[in-house]
Amino acid sequence: MTDLTHDLGRGLAGSLMYEGLLARGNGLWGAAHRAAREMAGQPAAAHPESAGLFYGAPAAAFVLQAVGHPAYRSALASLEQPLAAMVSTRLAAAYRRMDSGRPPRMREYDLIFGLTGLGAYLLHRGSDPEPLRGVLRYLVRLLQEPVSIDGREVPGWWTSDCPTGQPDDTLPTGHANFGMAHGVAGPVALLALASRAGHSVPGQHEALAAACRLLEHWAQAAPGGGAAWPETLSMGTWLAGPAPEYRAGKPSWCYGTPGIARALQLAAIACGRKASRTRAEDLLAACLGDSVQLARVTDLTVCHGWAGLCLAADRVAADASASSSLHRVLPVLRAEFARRLVNDTLPESAGLLTGADGVLLTSHTLNTSHPVASGWATCLLLT
């Protein structure tokens, strides 16, 4: 049975995030405390095979840390040892896999379930830096050490499974995933955000510089101008290289240009690569100004809808140069999001990724007349 109580993306943990951060501004803690009591009433999964940033104990810990009420400190402290053990176990398994020369499964390193997500929690928690450094060392090796599949050398983040996380006969040699939620953009963004916060390990700068080159190389020219990234690539398309003209997909946080552009911008800032930083900002501005791409965004959610698009754009613009065209595009985008909040139907489900909580929290975060701490967006690797 699915545990939606400790589900950050789809369940009660996401509701606590919204209610708790709202309460930090208005002082009305009733709804948040009710959600916290309900969440505490059931044990949170801490097994390495069944938990990640958006599920189980890591999700509960991230929310309790982000909300920051004194009443939640003991519950948060009780999760420290199980989470440290989980990170240690997951790293040991990942290194055994690396030493064998096999490619990873997507869930080994991705943001939603894998070590990138656990690293995001450790970065946000900010208590003991050593477990975070352990994750950073793993990610540097993941990005820098290739693997061989059927005699062909591919990046270390090439996954053995398909985008659903399961084996697929149509992708017998696995796939490359560029997205923030499940692909290479997640590890890149975490390494860059950790660098910004003063956490570095050997090879981190080099890995980020290589990531900039990778992401710029695969920004494929679109027929109407601008460029966009592929969501996933099979072995054949990887070996063929970037297509001369590419039809951009949905501009979503999870798989699309907004999330990937943020990862490239953060990496470029960490490496001092001004041209790469400008490239990331220009690519996102072109995406946001393309009515064809925007027409593919059909819901309000954070994961693949207007909330995630606007939040990613806002974070990129906050770090962009004063001359960036993003500053002209962003007000129009935010006005459209506000219009859709009035006219469209909110999701019926809870949670940050696909539920109403994420939509409302994003709106609250972007509302400058009622500012809210944006550190919660570390779970999306946007800040």
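Helix H5 gives the most to the lining of the second largest pocket, with five residues. Helices here are DSSP runs of type H or I with at least four residues, strands are E runs of at least two, and both are numbered from the N terminus. H5 (80–100) and helix H6 (106–109) each supply at least two residues of that lining.

This is a predicted model: local features need pLDDT of at least 70, side-chain atom pairs count only at pLDDT 80 or more, and totals for chains, interfaces and linings use all residues. Residues are numbered from 1 along each chain as its sequence is written, and side-chain values use heavy atoms, with hydrogens and water left out.

## Pockets and a cavity

A 1 Å grid is laid over the protein atoms alone; a cavity is a set of points where a 1.4 Å probe fits but cannot get out, while a pocket is an open set with protein on both sides within 12 Å along at least five of seven lines. Lining residues have an atom within 4 Å of a point. Grid points are joined across faces, edges and corners, and a volume is the space filled by probe spheres set on the points.

Residue classes are simple. Ala, Val, Leu, Ile, Met, Phe, Trp, Tyr, Cys and Pro count as nonpolar, Asp, Glu, Lys and Arg as charged, and the others, Gly among them, as polar.

| Space | Volume | Lining by class |
|---|---|---|
| Largest pocket | about 380 Å³ | five nonpolar, eight polar, seven charged residues |
| Second largest pocket | about 310 Å³ | six nonpolar, two polar, seven charged residues |
| Largest cavity | about 50 Å³ | six nonpolar, four polar, two charged residues |

The largest pocket is lined by 20 residues, and Arg-10, Tyr-55, Arg-107, Ile-112 and Phe-113 lie nearest its centre. The second largest pocket has 15 lining residues, with Glu-49, Arg-90, Ala-93, Arg-107 and Glu-108 nearest its centre.

How many cavities of 30 Å³ or more are there? The count comes to one. Its lining includes Trp-229, Tyr-246, Lys-250 and Gln-293. Gln-293 is found in helix H14 (residues 291–294). Its relative accessibility is 3%, so Gln-293 counts as buried. Buried means under 20% relative accessible area, exposed means over 50%, and partly exposed lies in between (1.4 Å probe, protein chains only). Leaving out residues up to four places away in sequence, Gln-293 touches Ala-248, Gly-249, Pro-251 and Cys-287. Contact means heavy atoms within 4.5 Å.

## The interior

The chain has 17 helices and six strands. Of its 383 residues, 55% count as buried. Among contacts between residues at least 6 apart in sequence, 68% join residues at least 24 apart.

A nonpolar core is a set of buried Ala, Val, Leu, Ile, Met, Phe, Trp, Tyr and Cys residues joined through side-chain atoms within 4.5 Å. The largest one has 132 residues. Those with the most contacts inside it are Leu-8, Met-17, Trp-157, Trp-238, Trp-253, Trp-376 and Leu-380. Beyond its neighbours within four places in sequence, Trp-238 is in contact with residues including Val-154, Trp-157, Phe-178 and Trp-218.

Why is helix H17 (residues 356–366) largely enclosed by the rest of the structure? Nine of its 11 residues are buried. Among them are Ala-356, Val-359, His-364 and Leu-366. The buried residues of H17 pack against helix H1 (12–26), helix H15 (306–319) and helix H16 (326–343).

Most residues other than glycine have a negative phi. Asp-150 has a positive phi of about 50 degrees although it is not a glycine. Asp-150 lies in the loop between strand E1 (147–149) and strand E2 (152–154). Is Asp-150 buried or exposed? At 62% relative accessibility, Asp-150 counts as exposed.

Leu-381 also is not a glycine, and its phi is positive, about 55 degrees. Leu-381 lies in the segment after H17. Leu-381 is buried, with a relative accessible area of 0%.

Pro-70 sits in the loop between helix H3 (57–67) and helix H4 (73–78). Its relative accessibility is 48%, so Pro-70 counts as partly exposed. Pro-70 and Gly-119 are 49 residues apart along the chain, and their C-alpha atoms are separated by 24 Å.

## Overall dimensions

The C-alpha atoms fill a box of roughly 55 × 50 × 40 Å, taken along the principal axes.
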